[in-house]
Amino acid sequence: MARRVHQPLEDQEFDFILSMTTGPVLAYFCGSWPKALDACRAMDAIVAELTAEYGTRFTAVRTDMTRCPGPTRRYGVTGAPTAVLIEGGEAVASQAGPMTREEFRRFLDAHL
């Protein structure tokens, strides 16, 4: 069964999702400013597709950098979009910038 993509509205909700999730979490950080919108929307579609494809291998969390500044700083995110794979609260891999579906698959396969 595929997990849905969570969208926390604040730092505490992001932390709650991490605390309640077993296994890896794919946090992909997005921005709402004009230069980030198109790339982040493209990532939304790719992550939704991969979440369904990979099923329970990871939990996806779409994180708005403005609404969740704590996790953005904690994981060293400086631009959008950025994907961070988190296990046990620690970042195990990250990739900044937009990725194609195949690049995203390679990123996940290398670290899951």
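Trainee: Which residue takes a positive phi in the hairpin of β4 and β5?
Mentor: Gly-88, with phi near 60°. The hairpin has two residues between the strands. Keep in mind that this is a predicted model.

Trainee: How many bridges join β4 to β5?
Mentor: Six, and the two strands run antiparallel. β5 covers residues 90-96.

Trainee: And what stands opposite Thr-82?
Mentor: Ala-96, in β5.

Trainee: Going back a step in the chain, where does Pro-81 lie?
Mentor: In the loop between α3 (69-74) and β4 (82-87). The peptide bond that joins Ala-80 and Pro-81 is cis, with omega about -5°.

Trainee: Now the whole sheet. What is the strand order?
Mentor: β1-β3-β2-β4-β5, an open sheet of five strands with mixed pairing.

Trainee: Which strands stand at the edges?
Mentor: β1 (5-6) and β5. Each has a single partner strand, so one side of each is left without a neighbour in the sheet.

Trainee: In which sense do β1 and β3 pair?
Mentor: Parallel, over two bridges, with β3 at residues 59-64. His-6 stands opposite Val-61 there.

Trainee: Which strands does α4 lie across?
Mentor: β2 (25-30), β4 and β5. Relative to β4, helix α4 runs at about 20°.

Trainee: At what angle do α2 and α4 pack?
Mentor: About 50°, with the axes 10 Å apart. The crossing is right-handed.

Trainee: Which residues meet there?
Mentor: From α2 (34-54), the list includes Met-43, Ile-46, Val-47 and Leu-50. From α4 (101-111), Phe-104 and Leu-108 are among them, along with Arg-101, Arg-105 and Asp-109. By class, the contact has seven nonpolar, no polar and five charged residues.

Trainee: Different topic. How many aromatic pairs does a search of the whole structure find?
Mentor: Four. One of them is Phe-14 with Tyr-75, whose ring centres are 6.4 Å apart. Their planes are at 55°, so the pair is tilted.

Trainee: What does that pair tie together?
Mentor: Parts that are 61 residues apart in sequence, because Phe-14 lies in helix α1 (residues 11-20) and Tyr-75 in the loop between α3 and β4. Pro-81 lies in that loop too.

Methods:
Residues are numbered from 1 along each chain as its sequence is written. This is a predicted model: local features need pLDDT of at least 70, side-chain atom pairs count only at pLDDT 80 or more; totals for chains, interfaces and linings use all residues. Side-chain values use heavy atoms; hydrogens and water are left out. Helices (H or I, at least four residues) and strands (E, at least two) are DSSP runs, numbered from the N terminus. Two strands pair if DSSP finds at least two bridges between them. Axes are lines fitted to C-alpha atoms, for helices over the stretch in contact, and angles run from 0 to 180 degrees between N-to-C directions. A crossing is left-handed if the near helix is turned anticlockwise from the far one by less than a right angle, and right-handed if clockwise. Contact means heavy atoms within 4.5 Å. Ala, Val, Leu, Ile, Met, Phe, Trp, Tyr, Cys and Pro count as nonpolar, Asp, Glu, Lys and Arg as charged, and the others, Gly among them, as polar. Rings of Phe, Tyr and Trp (its six-membered ring) pair if their centres lie within 6.5 Å; planes under 30 degrees apart count as stacked, over 60 as edge-to-face and the rest as tilted.
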